[in-house]
Amino acid sequence: MTDHSAPDSGEKRPALLPTTPAGIARAGELLRAGRLVAFPTETVYGLGADATDDRAVAAIFAAKGRPQFNPLIAHVPDLAAARSWGLFDERATELAQQFWPGPLTMVVPRPANSALSLLVSAGLDSIAIRVPGHPVAQAILRAAGRPIAAPSANRSGAVSPTTPQHVLESLGDRVDAVVTGGKCMVGVESTVIDLTGPEAVLLRPGAVLADEMERLIGPVRLSAGDPTAPKSPGQLESHYAPNAAVRLNASSAEADEAFLTFGPDRFVFGGTTRLNLSLEGDLNEAAANLFSHLRSLDQGGAARIAVMPIPEVGLGMAINDRLRRAAAPRG
């Protein structure tokens with residue numbers, strides 16, 4: 001099993017890869033192997049991982065110290081590739097044809113049975129997707145041959161990185177390689193527009209302006225300050241609540257409950273359906289398994305899902321945040 005955990009400071013240093021064919025090819029190899037690679041886009045440097053690999057995506061959250069499983073943006077090289085991972089209506093197609101490649105992210109419905117990691121979508125039935133315009137990013141995406149999840153390559157809460165040095169200062173040995181592509185051209189994160197419903201909603205402003213998009217697709221509502229429309233998916237109190245009720249901090253499961261366990265599984269319950277997030281108590285593995293295990297247990301038809309306690313440290317904080325949202329009262 002590949003170890004994606006963040007190493008102790010001083011244990012290793014990230015490889016610095018030039019923007020030569022050999023450097024680009026190596027970046028693609030590392031991404032396919034489940035490693036973390038920082039690379040330039042026209043907006044900021046992204047912390048890239050294979051968006052189809054649960055453990056690689058979980059490693060992004062660990063490296064950034066990201067406090068919640070916020071949705072990530074999947075980067076692909078062109079609209080044809082984007083259609084493989086998201087459902088594009090007429091509005092999304094028009095925006096893509098006008099602004100891609102470029103600093104625009106669209107949140108669109110996620111196809112059923114998608115191979116993308118559920119961590120990328122934070123358990124939602126949507127996907128945030130972008131075609132970057134930076135030539136180095138384009139080359140890396142084509143070398144990797146798969147969608148790449150890539151939030152900004154910095155510790156959570158820190159200033160977004162626009163140079164390789166910013167990445168090294170913020171992440172240090174938490175990243176496996178940095179592609180040294182110089183300074184980013186735009187310097188602020190991409191515009192994000194939600195197209196999952198009949199009304200287009202601007203989730204995050206950026207270089208592509210709302211009035212530019214409105215000229216193509218009609219009214220775009222601003223989400224800022226509206227508690228019914230969070231700035232990004234996953235911020236509602238009850239978020240991806242399964243059909244089954246969720247009971248937290250359980251030491252055992254009742255007869256009508258499925259059981260989501262963590263750590264060495266010494267429990268035997270006749271007839272109880274259960275899945276273990278990580279037999280070894282590995283929070284990175286638990287994060288990688290969280291959404292898929294919840295969905296699997298929910299699809300089993302149990303009335304409730306009992307969940308063992310998860311340590312409130314490191315990625316455990318994000319796991320518990322997600323579980324509390326799943327267990328929150330529903331309106």
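Student: Which residues does UniProt list for "binding site"?

Tutor: The unreviewed UniProt entry lists Thr43, His75, Arg130, Ala150 and Ser190. In this predicted model, they cluster in space although they are spread over 148 residues of sequence. The largest C-alpha distance is 12.6 Å.

Student: Why is His75 called buried?

Tutor: Its relative accessible area is 3%. Buried means under 20%, so His75, at 3%, is buried. His75 is found in strand S4, residues 73–75.

Student: What makes the pair of Ile73 and His75 a polar contact?

Tutor: The backbone oxygen of Ile73 lies 3.2 Å from a polar atom of the His75 side chain. The cut-off is a pair of N or O atoms within 3.5 Å, and 3.2 Å meets that distance.

Student: Ala150 is found in a loop; why is Ala150 called buried?

Tutor: The loop runs between strand S7 (148–149) and helix H6 (164–171). Ala150 has a relative accessible area of 8%; the limit is under 20%, so Ala150 is buried.

Student: Which residues does Ala150 touch, leaving aside those up to four places away in sequence?

Tutor: Ala150 touches Phe39, Gly46, Leu47, Gly48, Ile73 and His75.

Student: Which residues of helix H4 are buried, and what do they pack against?

Tutor: In H4 (residues 90–99), Arg91, Ala92, Thr93, Leu95, Ala96 and Phe99 are buried. The buried residues of H4 pack against helices H3 and H7 and strands S5, S9 and S10.

Methods: Residues numbered from 1 in each chain as written. Predicted model: local features only at pLDDT ≥ 70, side-chain atom pairs only at ≥ 80, totals over all residues. Heavy atoms only, no water. Buried < 20%, exposed > 50% of the residue type's maximum accessible area, 1.4 Å probe, protein only. Helix = DSSP H or I, 4+ residues; strand = E, 2+ residues; numbered from the N terminus. Contact = heavy atoms within 4.5 Å. UniProt positions renumbered as here; feature names shortened; annotations may be inferred. Polar contact = N/O pair within 3.5 Å; in protein donor to acceptor, adjacent residues only side chain to side chain.
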